[in-house]
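Work through the exercises below with the structure in view. Each task is followed by a solution in steps.

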Amino acid sequence: MLAPQIIRVWGSIFFVSALAVAGEVLIAAGMRELGDLDDIRAKSGLVGTIRAVLTNGKFFIGALCMALNFFAMLFALSIADLSLAAPAIASLTYIGNAIAAKWFLHEKVDRRRWLATCFVAVGVALIAH
Amino acid sequence: MKHTLKPSQYAVLIAIMLTASVGDSLLSRGMGQVGQVDLHHLGLLWHALFNPFVDAGIVLLIGFFACYTTALSWADLTFVMPATAFGYVVIALLGRFWLHEQLSPTRWAGILLIVCAVGFVAGGPSRTEHHELDTMDSGVGR
């Protein structure tokens, strides 16, 4: 594979992963902002809960990122092999999520969770092969 | 306070593991029956909506998204993540024991790693304590 092609393939893989991380972190931030959905459902019913989720700005932008991620994934698969792109994107997304959760969501990512994240990233890559 | 999960919340996590993997498998089987979709045959996408496997797959994936967002309302992203990854294990085990596919040692190693990851995270707290948020949740300071 030529150098420009390698850059193109890995650039698309990183871009898809970044969109997935942004989407998941924004959705998680939106859900944390709303609080336990069971409590909201007890107070406002199912329709009120769905309305609360769909009108949350962070959730909305996160869902938009996930939709863009879907189309970016289609593009990535058109220039990279599935056997490379699928595990690489999944693994990078898991590691990126852990880093972003620590930085932006201020989650306590202790040694146990880092280890779990690394195991998942490697495990997904092994299963996909 | 250590955030422990209620049985209903464990049920949501199990639903996340099952709905994503089974939904993807149903979509894959349905699209296999519909045929290859490309720019010249986009009409097949409409046709796909009338395939029962595709319909069941879409319903399960909507269910996955509902369960996933619900879980994120009471648990950390880094706690829920391994549960989503467990779907890969479910797919591999379905392939092995339902479709009688052969799993290579590499895939078994992958399954073992993800199972260990779920075990690590499940043994810890489900949510990071954020003092301000917890104060708001408990109603103190309102």
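**Exercise 1.** State how many residues of chain A are in contact with chain B, and which elements of chain A they come from.

Solution. In this predicted model, 32 residues of chain A are in contact with 28 residues of chain B. Next, look for the elements of chain A that give two or more residues to the side touching chain B: these are α1 (3-34), α2 (37-54), α4 (82-103) and α5 (111-128). The largest share, twelve residues, comes from α5(A). Finally, sort that side of chain A by class: 20 residues are nonpolar, six are polar and six are charged.

**Exercise 2.** Describe how α5(A) and α5(B) are placed relative to one another.

Solution. Start with the axes: those of α5(A) and of α5(B), residues 105-122 of chain B, come within 8 Å and cross at roughly 155°. Angles over 145 degrees count as roughly antiparallel, so α5(A) is roughly antiparallel to α5(B). The crossing of these two helices is left-handed. Then list the residues that make the contact: α5(A) supplies, among them, Leu115(A), Phe119(A) and Ile127(A), while those from α5(B) include Ile111(B), Leu113(B) and Phe120(B). By class, the contact of α5(A) with α5(B) has 16 nonpolar, three polar and three charged residues.

**Exercise 3.** Find the stretch of chain B that UniProt annotates as a domain, and give its helix and strand content.

Solution. The unreviewed UniProt entry places the feature "domain: EamA" at residues 57-121 of chain B. Over residues 57-121 of chain B, the chain is 86% helix and 0% strand. The end C-alpha atoms of this stretch are 28 Å apart.

Methods:
Residues are numbered from 1 along each chain as its sequence is written. Chains are lettered from A and ligands numbered from 1 in the order in which they are written. This is a predicted model: local features need pLDDT of at least 70, side-chain atom pairs count only at pLDDT 80 or more; totals for chains, interfaces and linings use all residues. UniProt positions are given in the numbering used here, feature names are shortened, and annotations may be inferred rather than shown by experiment. Helices (H or I, at least four residues) and strands (E, at least two) are DSSP runs, numbered from the N terminus. Two residues are in contact if their C-beta atoms, placed from the backbone, lie within 7 Å. Ala, Val, Leu, Ile, Met, Phe, Trp, Tyr, Cys and Pro count as nonpolar, Asp, Glu, Lys and Arg as charged, and the others, Gly among them, as polar. Axes are lines fitted to C-alpha atoms, for helices over the stretch in contact, and angles run from 0 to 180 degrees between N-to-C directions. Angles under 35 degrees count as roughly parallel, over 145 as roughly antiparallel, 65 to 115 as roughly perpendicular and the rest as oblique. A crossing is left-handed if the near helix is turned anticlockwise from the far one by less than a right angle, and right-handed if clockwise.
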